[in-house]
Each structure stands twice: as C-alpha cells, then as structure tokens.
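Thanks for coming, everyone. Please have the sequence and the structure open while I talk. I'll go through strands, then domains, then chains.

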Amino acid sequence: MRKYAYLLLVVILLSFGALAAAPEKVEQVVTNLLLFDGSQWTNTISPQEYPTFYMLADADNVINPTRTMVYFWPITQEYMADFYDMNEEIEGTLIVSKGNKVIAELEKQDYVFSYPQGYYGGRPEIVCGDDAHKSAEKYRSEVDAYYQRVIKWQQAMTDYEIALDEFWVNPEAYKGRESEIPQEPKQPDYPVYYATEVQRGYILNLEPGTYTIEIDGLPETKRTAVVFSPRRQGIGYDIRPEQQWTVPRTSNDLSETVYISGKQTLYITPYNGIEVNRYMYEKIEKLPSEISGRGGELLYFWMVLDYVNDASLEVYKDGVLLSTVAFKQWYVEQTASAALGYNIIEFDPKVQGERAPSFEGFKVELDGAGRYSFRLVNENGEVISESERLVRSIDPRSRFFALVLPLIPILVGVLIWIWRSSLSASDKGTDKTSKVTTVSR
Amino acid sequence: MNNYRSVAIKAMAGRDLRSTLFSMGIYIAIALGLIVASIMLYTYVGGIMENGLDVMPSSETETRYYSERQQTPEPMLGPLQWAVYIGAVYITLSASMSISRERDQGTMEVLFYGPVDSIAFVVAKFLEQILAFGVILLFYIGYFLILSKVSNFALGIGFFKMLILSLLLAGCMASFGMFLSSMTRRVKTSVILFLVFIIIFLTVPVLHSYFMVNFPGNVKGVLSVARQVTSYLNFLVSWISPFSYLQRGTVAILLSSNIEFIKSLVFSLLYTAVLLAGSIFIFNKKGVRR
C-alpha cells in the first residue's frame, strides 16, 4: 500500500512540473485580423512580435485592435491570444497612412458574413453597414419561418399518424378512394441562406502597397500592412486519367501542354485560381507563426478558389470541333470481386442514394492520334479567357530514337578517325613536298 | 582590324578548328550531352506512358526563381539546357588549355616571330572555341528536331531562345577558360584551376539554396554564419560564374520576359568582352615564353 502511496506522490509531483510548463501570458494589444484569402475570410492575429501583416488588395478585410493576453505556444511555434481571459476591443479612429500621407480615417462599421448558397456551398460575402443588419435579419426571419414550418409540420405529422391509424382499421374501405389515403407530410428544409451575427470592426480595402495603420493616439496599435495582388489569375484544371482517378494532374496555365499516351479517357475539372506568393499567402492564414511561410519568400503557387460548374467544354481535334461536353457528377464504383478495380459511372442520386459523388467534371475521350485542344465556354456561348489547353499524343517509338541518336556523333568521330588513319597510311613514305614541287614546275 | 591581323586570326582559328574536328574529344562531348538529354526525354515519355498523361509547362509557367513543385520544364527545354551545359563545359576545358598548351609546348614563341600579336592570338583562340561550339549546337539542333518530330513533344519559342542564349554562354565559357589559361604556364595547372572553379560554381548555389530554405533568418550560431557566408559567396559566384549567365537567361525564357532575356544577352556579351580584355592584358604581362 505504501508503495502505491509513493507512486501517487511521484505522479502528483510530476503533474506540478507539467503545470509549470504552462506558457506565460502577457497582456498586450494585438490586431485581430479577418483577412480575405481569395475565396473566404480567415482569422489570425498580429501581436507586437509580428507587427507586419499581409492582405490581398482590392478586397474587404476586417481588423480589430484588441487588448488581450498573449502567449507563445512552443509546440506549434506560434503566438496565440487568450480572448477568454481578456478581450477588450479598442475604440477610436483608425488612421491609414502610406508613407507620410494619411490616406484614410476609418471608424468601426457593422458587418456580417453572409452565405447566399449556404454555409457549405459557394463563396461567402461580407455585408457592411445597414445592409449587415438586413442580412442578419433576413437570416433570422428565414430561421423563424423555418421553425413556424416545423411546428406546422409536427402538427401535420400528428394529424397524419391519427389518419394513418384510422386507415389501418379498415384499409379495404379506401378501395376506389386511393386519393384519400393519408400522405406523410414533407419535412421542411432548413434555410439555405446563412448570415453571421452582426459584428463591428474596421473594414480595410486597399490597393497594393505598404501602409501603416494605427488607432489615433494609441501607438501600441500601430501595425504595417503589406497589401499585395495575385501575380496572375485564370482557369486551372484538375485532369484525371481514367486509370488513375485519385491522382489528378493540375494545369494552371494557358501555355501548358497536356501530353497523353494512346487512347485516353480524361475527366477534367475546371477551377478559378490565383497565383500568389507563398510566404505572404501563408501569413494571411497564420501570421504569428515561426513556421508559416518559411522558405516561401521567393515562391509562387496557384491557389484554387472555386470550381467552375456552370460552363461547358469544347473539345477540338486538329482545329475542328469534336464535341461539346457537359459538366457532370461522377461516382467511382468498386468492381464486385476480391480483385481491385473500379468503374467510373455518372452519378445518379436515385441509384447512389445518400452517397456523395466522387468528383465532378467533364468526361473527354481521345483516340490518341492527332492534336487536340479544349476550352471552356460559358452559358452565353462565350469562350472563357485563359481556359484553352493543348493536348498532344506522344509516340512511344521516340524512346528508341532517344537511345540511338546519341550514338551518331560517336559514329561521326570514328569515321573521321578511320579516314584520317587511312590518309596517314597512304601518305607514309611519300615526300609530299617534293611531289608538289615537281608538279608546280 | 588590320588586314594582317585578320588573316592571322582566320588562319589560326581555321587550323585549330580543323584540329578540334579531327579529334574524338568533341564528338564524345556531343554524345555525352545527347545521352543526358536522351535520359531526360526517355523518362518523360516513360512517365506519360505509365500514367496515361502528364502536364508539362511551357515557357510561361515556371514560377520566378524557384518553382513551387518539382515540375518538368518545357519538355525539350530542360534536355537542351543540360546538353548545352555539357557542351559548354567541354568548351571551357578546351579553352582553358588553349593558351597554356601552346606556351607549354613552346609553339607560341614560334608563332609570335610571324605576324601574330596578343590580340590576334587570343581572338583566334576564342573564335575557334565559338565555332567548335557552333558545330556542337548543329548536332543538338538535328537531334532535337528529329526527336520532336518523332515524339510529338513541342518545340516552343523558349527552345529557340535557348539556342541563341547558349551561343552567348559558349562565349562566356570560352572567355572564362581562356582567362584561366592566360594566367598559367602549364596545361596541368590550367586543368586543375578549371576543375576547382567548376566545382565552386556548381556547389556554392546549391549550398546557398540549402541554407536559405532550411534555416530561418533568425537562426543563431554556426548556421547563421553559414547562411551569411554562402550568401556572399553566392553573390560573388552569380557574377563570375559563366553558368549564372545561362541561368539568368533561362529564367528570362521561362518567364517569357523579353527585357530580362535581352539583359541577360547584354550581360553575357559584357562578361565575354571583359574576360577577353583581361586575357589579352595578362597575356601581354606574362609574355610568350615558357
């Protein structure tokens, strides 16, 4: 028993040690940031240790200087704010300067994030001022209306169950009166539209450049905002070969060429993309981290914003329109045997039921000969810019030529060597000088 | 240029070019370049056959300085670049021995009893290297045209820009080799110098990239010193290494930046002119005797 008591003591002592590892919190003013990343808003903070933050140009970003408790979390190598411990938003006029010139004086505004196509679908929007209240009210009224419908539905369900009980007493009585058989009432759908609660903050929408922001008279709120634009933007594609549907290849640029080998079936999913600096973009998502963006200062990468599903794909062969393909949903069905294998079939909710489609895109079948190209066309029949890609079919025989051609220079060298050797052999023992002299005379 | 000097240049360059073309060395160098190109193209074709498809960026898709993901360049551009590197290394080696060999063998002294001066001698040697590289390029062009036709890999505008650039790279490499050669009296010393510089030029950028990418700016101790030292060395190498001039031009091609491309051409020409002038100066200082 005493042994267990000692053991317990050791555990307790060790737990005190563990408590001692809790990070030390420091009270300071951070800038709470809600930054647009091209498709949605992401939350990070700018503590005193990271006074420079990065944001995309020509987009609404929300900032809120806040007094809070800050600590460094060594496991993820980042500064964190404990807003539960302290969360005092700082009020005042926000001065935005570029160099020595004040370019804006901002007051806090009401705003909400609204999701017209639902929280899980489509891009959110930021709505400011009076419209923010209208959006929030619209969501609330839709939810109220939904609950009204739910109450009605519950009443209808009660009536239905009573009617059903009556029906089961004598079902034969309903012969010839099938329309009077009780029908189960349809459960109301939850509103698609969603909006957050109204919040307050400074809305910053700036052109590319470096700015200083500060609440008037509060130097501890001073921060530097580096505002940048995407280097390029355009249509990108995920291209899946039928035999490797889980490994899509990406094509982000007009000048990229898709090379295929033989007859191929491709599934092509288009998206809107932006090409951004990796360091700055990662700092949008997680500014006060030692790790985020590291080594990415000179790197650019394509960021997928959203998939394009309201266009059709025109496929050309040697410049002649081959087909116009519609955007569809696809489902990968495993073959019914112990061996691995799958079929890609068109997704049908009636057949697949609750299951989600495996992916979406255009199905393109190429016979492997000739030169192809494809491009996106919108609902009005207009070609979407930067959407064209070339497809070339590779001839496998080129591998043989790749092996043989390097031998040609060696062959030339050897032939020259043989020729030179034969020349020196034939010249052996001949006095060429005297011979030439004789001829000239 | 004086008439006697141009005659001397033509005669010497022609003689040396014949000598180069009648030796096996240049053909082995060409074959090596093509073997490397073939390995890359063979891999590309194999990958496409295995996976069904591949997306290969063309001139505009490479991101600046470093690409984000390991991606293959324009299919014909990468192999050409490596073939050019190998051809250019051969030219540098050949150039680095050109002056010291003649001085070592004593033939230079004999030449200078005739209508040959230091300018004619250096220019002739340089011209011979450029012409030899032209022959190498002819083989490369034939190889890539045939393979493009057979494989269906596209020959983009970047390919042709790279050809122009590679001629200037050859100029840089030849002038660099001759600069080394002018400083030494023995062939062995020239070759050792050449090898030392090639190793430095190729390893410093790799080390610099390693330290910059893997260790943050606020790292302390030895790593901080290593970052600083490799930064300085890399800066130095970026101006004295002829490979850097090709690299600048290649980046310009990949970015489709005509201004950067023209700048890289001008820088290459300046580099060549400065090193040739330096070679003539050192040559005059050292004299023609062993």
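**Strands, domains and the A–B interface**

Start at Trp73(A), which stands opposite Glu78(A) in β5(A). Before I go on, the ground rules. This is a predicted model, where local features need pLDDT of at least 70, side-chain atom pairs count only at pLDDT 80 or more, and totals for chains, interfaces and linings use all residues. Residues are numbered from 1 along each chain as its sequence is written, chains are lettered from A and ligands numbered from 1 in the order in which they are written, and side-chain values use heavy atoms, with hydrogens and water left out.

Strand β4 (residues 61-73) and strand β5 (residues 78-89) of chain A are antiparallel, with eight bridges between them. Strands here are DSSP runs of E, at least two residues, and helices are runs of H or I, at least four, both numbered from the N terminus. Two strands pair if DSSP finds at least two bridges between them. Four residues lie between β4(A) and β5(A), and Gln77(A) has a positive phi near 55°.

Glu27(A) bridges to Arg67(A), and their closest N and O atoms are 3.8 Å apart. The rule is a side-chain nitrogen of Lys or Arg within 4 Å of a carboxyl oxygen of Asp or Glu. Glu27(A) sits in strand β1 (residues 26-36) of chain A and Arg67(A) in β4, 40 residues apart. Over all chains, the structure holds 25 salt bridges.

Now the domains. Chain A divides into domain 1 (49-59 + 92-229), domain 2 (232-396) and domain 3 (405-440). Those bounds come from an automatic or database domain assignment. How many residues does each side give to the contact between domain 1 and domain 2 of chain A? Domain 1 gives nine, and domain 2 gives 12. Contact means heavy atoms within 4.5 Å. The C-alpha centres of these two domains lie 31 Å apart.

Domain 1 and domain 2 of chain A bury about 940 Å² between them, 72% of it on carbon and sulfur atoms. Buried area is the accessible area (1.4 Å probe) that two parts lose on being put together, summed over both.

One salt bridge crosses this domain interface. Arg123(A) pairs with Asp306(A), with the closest N and O atoms 2.7 Å apart. On the domain 1 side, β3 (52-56) and β13 (223-228) of chain A each supply at least two residues. β3(A) gives the most, five residues. That side divides into seven nonpolar, one polar and one charged. Nonpolar covers Ala, Val, Leu, Ile, Met, Phe, Trp, Tyr, Cys and Pro; charged is Asp, Glu, Lys and Arg; the others, Gly among them, are polar.

Last, the two chains. Chain B puts 48 residues in contact with 51 residues of chain A. About 4,300 Å² is buried between chain B and chain A, and carbon and sulfur atoms give 64% of that.

On the chain B side, α2 (25-51), β1 (53-56) and α5 (118-151) each supply at least two residues. α2(B) provides the largest share, 14 residues. The chain B side divides into 30 nonpolar, 11 polar and seven charged.

β16 (residues 257-260) of chain A runs antiparallel to β1(B), joined by four bridges. Tyr259(A) stands opposite Asp54(B) there.
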